Amino acid sequence: MGRVFLVELGGRAYRCRFCNSPLALADDVLSKSFNCHQGRAFLFSKVVNVTVGGEEERLMLTGMHTVEDVFCCCCGQILGWKYVAAHDKSQKYKEGKFVLERWRIMEEVTEDFNLEAHPGSSDVENP
């Protein structure tokens with residue numbers, strides 16, 4: 001196997017929970033209201049640093065779809081799937097989009113975002 005070259009993302013991103021590889025920008029989230037067999041999932045317009053499996057027909061809650069499983073190119077963990085084709089006209093908007101299962105990804109905390117309180121500040125109101 002050859003060397004893996006990762007695409008780095010500038011901005012707030014989602015990463016593989018298992019190896020921390022960058023996967024998608026937060027700006028590329030189309031929907032956070034998708035569901036999968038293990039809980040919540042996000043629909044993305046594009047992702048990077050992934051490989052896809054073979055096409056297969058899969059019956060989902062919204063009907064029959066042609067999909068490809070999506071894997072992290074670094075650690076090989078399955079992350080979700082890509083919609084190749086939707087058989088129902090109302091589902092055509094999903095074609096070419098990616099679904100990543102929420103529990104398999106994590107949102108990157110940027111250095112600009114600091115959870116520590118500034119000295120002298122408080123969340124408690126003074127009486």
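Does C19 count as buried, partly exposed or exposed, and at what relative accessibility? C19 counts as partly exposed at 26% relative accessibility, where buried means under 20% relative accessible area, exposed means over 50%, and partly exposed lies in between (1.4 Å probe, protein chains only). The model shown in these views is predicted, so that local features need pLDDT of at least 70 and side-chain atom pairs count only at pLDDT 80 or more, while totals for chains, interfaces and linings use all residues. Residues are numbered from 1 along each chain as its sequence is written, and side-chain values use heavy atoms, with hydrogens and water left out.**View 1. The cysteines C19 and C72.** The count comes to 0 disulfides, a disulfide being a pair of cysteine sulfur atoms within 2.5 Å. C19 is in no disulfide, and its nearest cysteine sulfur, that of C72, is 3.5 Å away. C72 is likewise in no disulfide, with the sulfur of C19 as its nearest cysteine sulfur at 3.5 Å. C72 counts as buried, at 2% relative accessibility.

**View 2. Strand β6 and its pairing with β5.** Strand β6 covers residues 63-72 and is mostly covered, with 7 of its 10 residues buried; helices (H or I, at least four residues) and strands (E, at least two) are DSSP runs, numbered from the N terminus. Strand β5, residues 50-60, pairs with β6 in the antiparallel sense over 9 bridges, where two strands pair if DSSP finds at least two bridges between them. Within this pairing, R58 stands opposite H65 in β6, and a hairpin joins β5 to β6 through 2 residues.

**View 3. The pairing of β6 with β7.** Strand β7, residues 78-86, pairs with β6 in the antiparallel sense over 7 bridges, and V70 stands opposite G80 in β7. The hairpin of β6 and β7 has 5 residues between the strands, and in this hairpin G76 takes a positive phi near 85 degrees.

**View 4. The loop residue N20.** N20 is found in the loop between β1 (13-16) and β2 (22-25). Phi of N20 is near 70 degrees, which is a positive value in a residue other than glycine. With a relative accessible area of 40%, N20 is partly exposed.

**View 5. The loop residue N49.** N49 lies in the loop between β4 (39-44) and β5, and has a positive phi of about 60 degrees although N49 is not a glycine. At 7% relative accessibility, N49 counts as buried.
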